[in-house]
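This report goes through a two-part reading of a model: selected residues and their surroundings, and the packing of selected elements.

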Amino acid sequence: MLLIACPFCGPRDETEFRCGGESHIARPGPAETVSDERWGDYLFNRANPKGVHLERWLHGHGCGQWFNVARDTVSHRVLAVYRMGDPPPKDLTP
Amino acid sequence: MTAQSHRNPTGGRIDRARTLGFTFNGRYYEGHPGDTLASALLANGVHLVGRSFKYHRPRGIVGSGAEEPNALVQLGQGALTEPNVRATQAELHDGLAAASVNCWPGVRWDIGAINGLLGGLFPAGFYYKTFMWPARAWRAYEWFIRRAAGLGLAPREPDPERYDGTHAHCDVLVAGGGPAGLAAALAAGRAGGRVILADEQAEIGGSLLAGGGTIDGRPARAWLDDATAELAGMAEVRVLPRATVFGYYDHNYLGIAERLADHLPPAERAGRARQRVWKVRAGRVVLATGAIERPLVFDGNDRPGVMLATAAQAYANRWAVRVGDRAVVVTNNDSAYQTALDLSESGVAVALLADLRAEVPAALAQRLSRAGIEVAAGSAVVDAAGGTRVTSAEIRRLGADGTTLEGPARHVPCDVIAVSGGWSPAVHLFSQSGGRLRWDEAIAGFVPDISRQAEVSVGAARGTFDLAAALAEGARAGAAAAHAAGFGDGTATAPAANAREVIAPRPVWRVPSAGRGKAFVDIQNDVTAADIALAAREGYSAVEHLKRYTTTGMGTDQGKTSNVNALAILAHATGTAIPAVGTTTFRPPYTPVTFGALAGRTVGPLFDPARLTAMHPWHVQAGTRFEDVGQWKRPWYYPRGSETLHQAVARECRAVRTSLGIMDASTLGKIDIQGPDAAKLLDLVYTNAWGGLEVGRCRYGLMLKEDGMVFDDGVTARLGPQHFHMTTTTGGAARVMAWLEEWLQTERPHWRVYLTSVTTQWAVAAIAGPNARRLMAELCPNIALDAIDFPFMAWRDGTVAGIAARVFRVSFSGESAFEINVPSSQGMALWQALMTAGAKYDITPYGTEAMHVLRAEKGFVIVGQETDGTVTPGDLGMDWIVGKKKPDFVGRRGLARADCKRPDRKQLVGLLPQDPKEVLVEGAQIMADAAAPPPVPMEGHVTSSYWSATLSRSFALALLKGGRARHGQTVPVHAYGKTSWAQVTEPIFYDKEGEKLRG
């Protein structure tokens, strides 16, 4: 049971949150210019690193806000928490 | 047998003033408060407690605590029965009834023991090798195997007991209340930290309860009493006895199973929760979980009477029980010398102590010889003879390398063999926390090495067996943990204790065999040293493979006494070093936790909350049958008298088609959307265009996922230039709300749109049928109701039966219909007013089943019934709703994939069964060719299928490959071994022009 520091509410149990997968995935467009391959990549292909993973979390049973988490997939340590739209901390960029 | 034949008249931590009666396998015995079932049985001279898992060999009590592999019993009867309880951890209470597991007809004469005689036929991997051929016979084999194996029986009745769950936070959690844990809790508590000390036993104290020694110059037990009293007086310290820390999860989250009432007779448990699971978030964790003694692996080491040396010692000291009349002690380390002395003092004649080491500790040996106990150096017990109880031990000298035997055999008569094969630190919780282990040659055991979480192991749990050192470690760790949380200066003074001699074990993992007996490694799962050697020869040389192939360590004891022996023997067999073999994964729980405790209070009606509409009491009174839709209780149908489902639904449908029906539609998801960019949001998430929708009008919309597949649908109304009211499917409400929020927050954060779920703010009654407008006209003086002023797909504010209402002209039934929204508090009043005023039209409440039939007659799809996440708008024949000119919407690019345009995609069609009385099975497969041999190519499936009272025949909706081009064809439809034929039609069966719903 991870302890995640919501940037708006503070530390809360993992069960209050939902993980939304890898962060910083840009939606390609306009649609006409996007190849099938590029679109498939956007829909399905995600990084699966051993180590730092930048991911989106939703505090669904709390403030209802999305935010970003940098988490070590080996130790499950939460290395940083930052708001949607913010760039990842420089030292944690994979 | 005299009562408690093996109980000494004095000593032990039992209350002799009270006598408790209990039964074991139907026979009556007595014990005292403070006893476990195991100590009470031994006090009555009972060693034989069960039969083994595979060979059905007689088995006795081996340990004195959580490590017990053998003495599993079925406790209690009826609904209160509990299987596979360790007799060593079951506290005795008056009237306790226990029985052996895994033996039939009885423990003394067991029919499965034939397996023991056929032992050569049951090698490692026996089941894998024998029962895999022919494959189809597995079902027959399985029946026999499941009956022959297995342990106790699960209760068949619902559990009548109550369980609790609670959450807690603390600065320091101490797991284990032995000397190291107590020292840690005292140091952390004195510094002022919030401390939880949990110990699995009824009494705090751990090894101090059974051992001797002095602390701070006084008997250890006196120090223990002071320590527990001091902890009890600290406001910020919570001491939990009978509480097992069973799991160590991420971020210092731990589970504790506390047994609140198991030690009481059932009659005294009334009104109390039986068990409670604590979920604790701890700042720091001190693991003081002690160590588990290992058996030695020699022939016949499973005979009743062969037990761990510490257990024999604990029974003597803590429970004043003589475990036998004449004992042999065999050890590879120093600790069992004290056992020999304690046994002797308790009145057990100790015939001999065999020490595997050629060089024995001089001082200890001297004490034994003063007590008249012979020490046989460099010797081992190589065979235990006997049947339902050990009768003698064969002693031989060991060769220098430990693999050969020398000299003559001595047969020493005895009824107990106390065994010590060294110590394994209880690193279970440490390993669960993600910590890495290290093999420590000095103690021949795995010890904690690298931590991953904020924890520290102390005392025997980290291989520190000396009492003085364990106390010092505990105190240091407790003070440091409190300091890390901001309490105290991080220092503590440790109580002083007399130091013991250092343990220097001689690991001989498999004592050489003098004959052909079985030497057990995993005594619960009947895995022998020979099984492990065989598995290694067959290539199962990785420890995780070995475990699964031989099942070693996979019993309810999770190999507490056997795992290290098993992997050491594997290492020997494969010529590998023990650290290179490694351990299997330690998983929670440390000891089994009941499902009841894990479920806690979230059972029955509290398992999942039920959502009820404002009109629910009316439905209940009307005798409605309900259907669960998400968490909602929705009226399914309203039977009159003895009507069946089908009779009621036919009547409800006829009423809607010919006069007037009323449905509780309150459960539809409703989202209030406001802001300057509200229309932009709708344009993004719906496939059609929303900017041009006038205030006062509604529009149907389809939502797609980015892959182009249908996700939800519903009607959205424009309440104002920047204000919309969206409806969603009942089950999709939360999902859609989250979906919109996600798009707004993560992709369009600059848009100014605000979403509010208003599902439960509105109660909704939908009235439908040719008389709907007439009823509205009576109750609704301030809304113009004719089809020109209030057209289909419009909404109006007004009053209905005097209640402020928002009325939508939408229809899911195909009839002229009005959905009347009122504040939830007015829902019941509205419903009653409509029922009263509608009586002249025989207004008929209808449920979800009739609604499904009515909408299917119109070919209206239900997301999740006609769709399954692989269906596009085009597949549903709804290309008209996909905005061709819209530059973007969610799913637009996904729909443009070539695969979404294949003409042979599964498309929505209607089906009319050839037999108009036959209702096809929903989910039935449409075949390409009814005569084709299996595997038959499947072309589609039935998604909805009903009897239509309106059409006086059956009909269905289906998804069929290239279906739109196949109208008129007859196709075979197969389900449950039966093939039917049906004609493919367009998916609409009633009022194709839509005159009724617009009229």
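The model is predicted.

**Interface between the chains**

On the side of chain B, 22 residues are in contact with 20 residues of chain A. Two elements of chain B, α20 (733–747) and α24 (892–895), each give two or more residues to the side that touches chain A. The largest share comes from α20(B), with six residues. By class, the side of chain B that touches chain A has 12 charged, six nonpolar and four polar residues.

**The helix pair α19(B) and α20(B)**

Helix α20(B), which gives six residues to the side that touches chain A, also packs against helix α19 (residues 678–685) of chain B. The angle between them is about 110°, and their axes are 11 Å apart. Angles of 65 to 115 degrees count as roughly perpendicular, and α19(B) and α20(B) are therefore roughly perpendicular to each other. The crossing in which α19(B) passes α20(B) is right-handed.

Which residues of the two helices meet? From α19(B) come B:L681, B:L684 and B:V685, and from α20(B) come B:L740, B:W743 and B:L744. The contact of α19(B) with α20(B) has six nonpolar residues, with no polar and no charged ones.

**Two residues in strands**

A:V69 lies in strand β5 (residues 66–72) of chain A, and B:I671 lies in strand β34 (residues 669–674) of chain B. Are these residues buried or exposed? A residue with 20 or more other C-beta atoms within 10 Å of its own is buried. A:V69 has 23 such neighbours inside 10 Å and so counts as buried. B:I671 has 21 and therefore also counts as buried.

Each residue is paired below with a residue further along its chain.

| Pair | Separation in sequence | C-alpha to C-alpha distance |
|---|---|---|
| A:V69 and A:L79 | 10 residues | 7.6 Å |
| B:I671 and B:L755 | 84 residues | 6.6 Å |

Leaving aside neighbours within four places in sequence, A:V69 is in contact with A:I4, A:E55, A:W57, A:V78 and A:V81. With residues up to four places away in sequence not counted, B:I671 touches B:M726, B:T728, B:V736, B:M737, B:L755, B:S757 and B:V758.

How values were computed
Residues are numbered from 1 along each chain as its sequence is written. Chains are lettered from A and ligands numbered from 1 in the order in which they are written. This is a predicted model: local features need pLDDT of at least 70, side-chain atom pairs count only at pLDDT 80 or more; totals for chains, interfaces and linings use all residues. Helices (H or I, at least four residues) and strands (E, at least two) are DSSP runs, numbered from the N terminus. A residue is buried if 20 or more other C-beta atoms lie within 10 Å of its own, exposed if 12 or fewer, and partly exposed in between; C-beta atoms are placed from the backbone. Two residues are in contact if their C-beta atoms, placed from the backbone, lie within 7 Å. Ala, Val, Leu, Ile, Met, Phe, Trp, Tyr, Cys and Pro count as nonpolar, Asp, Glu, Lys and Arg as charged, and the others, Gly among them, as polar. Axes are lines fitted to C-alpha atoms, for helices over the stretch in contact, and angles run from 0 to 180 degrees between N-to-C directions. Angles under 35 degrees count as roughly parallel, over 145 as roughly antiparallel, 65 to 115 as roughly perpendicular and the rest as oblique. A crossing is left-handed if the near helix is turned anticlockwise from the far one by less than a right angle, and right-handed if clockwise.
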